[in-house]
Amino acid sequence: MAAFSSLTLAQAQAQKDAPVYEPVPFQEGKDVAWVPTPQVVVDKMLDLAKVTSADFVMDLGSGDGRTVITAAKRGARALGVEYNPDMVALSIRNAEKNGVADRARFVKADLFETDFSSASVITMFLLPAINLKLRPKILELKPGTRIVSNTFTMDDWEADATVNLFSTKSCNVSWCTALLWIVPARVAGDYKLPQGDLSLQQKFQMLSGTLTADGKTYALEDGKVRGEEIRFKAGGREYRGRMNGKSLELR
């Protein structure tokens, strides 16, 4: 028993004396090198997504945990997905230091194998090729899910909003742009409505097509879908509507 106790004490002392893990910018990771997102960009990303206490935020490639912790400070439940176990342990310690360990969780996992269908907001700072690889899975999420990225795009899926923080002089490094996408409902198809026969074509959130009413056919202009909400102009009039399941309600 005495020998066992001595061994346990020695192990505990060794852990106490071990250097605290400190990540280094540009250190290699599984899919991307780690670079911290400037706090001002983290704040702007969460502002764009309008994060509140009602949200469940998932950060893909959560690094040192700052985005998850910031979301938790806003009252949201937040989960960081990170492949580096040292980063996960560091993030857990940081959440405890910031008093949000009850709302900020971290898991060691491969983001390509992670189910994020329950998230209302997804944040990320990944390379364009990684974003593109994740895009099909993101587009399957519930319409209205908000996606925010630091700097890197979704190829030809244009952002719904972009804020460049270089001009504010509050960000003095290379990654100072926040981008927002709203997952669009799938609305393409033909609909017989009280307003006429509507034919919709869709490319991400952009809509085109025709509205036929009173024997005349009008091309759609400025068509867009935002979550489940749609809007367009036809024949000099603006229309707004909402997808209700597979039915379109237009007004």
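1. A disulfide here is a pair of cysteine sulfur atoms within 2.5 Å. By this rule the model has one disulfide. Cys171 is joined to Cys176, with an S to S distance of 1.9 Å. The link of Cys171 and Cys176 is left-handed, at -75 degrees about the S-S bond.

2. On the basis: this is a predicted model, where local features need pLDDT of at least 70, side-chain atom pairs count only at pLDDT 80 or more, and totals for chains, interfaces and linings use all residues. Residues are numbered from 1 along each chain as its sequence is written, and side-chain values use heavy atoms, with hydrogens and water left out.

3. Arg146, Val148 and Asn150 point one way from β5. Ile147 and Ser149 point the other way. In a regular strand the side chains alternate between the two faces of the sheet.

4. β5 runs parallel to β4 (residues 121-124), with four bridges between them (two strands pair if DSSP finds at least two). Met124 has Ser149 of β5 as its bridge partner. The chain gets from β4 to β5 through helix α5 (residues 128-139). This β-α-β crossover is right-handed: with the strands pointing away from the viewer, the path from the first strand over the helix to the second runs clockwise.

5. β5 also pairs with β7 (residues 177-182), antiparallel, through five bridges. Here Ser149 has Leu179 of β7 as its bridge partner.

Note on methods
Buried means under 20% relative accessible area, exposed over 50%, partly exposed in between (1.4 Å probe, protein chains only).
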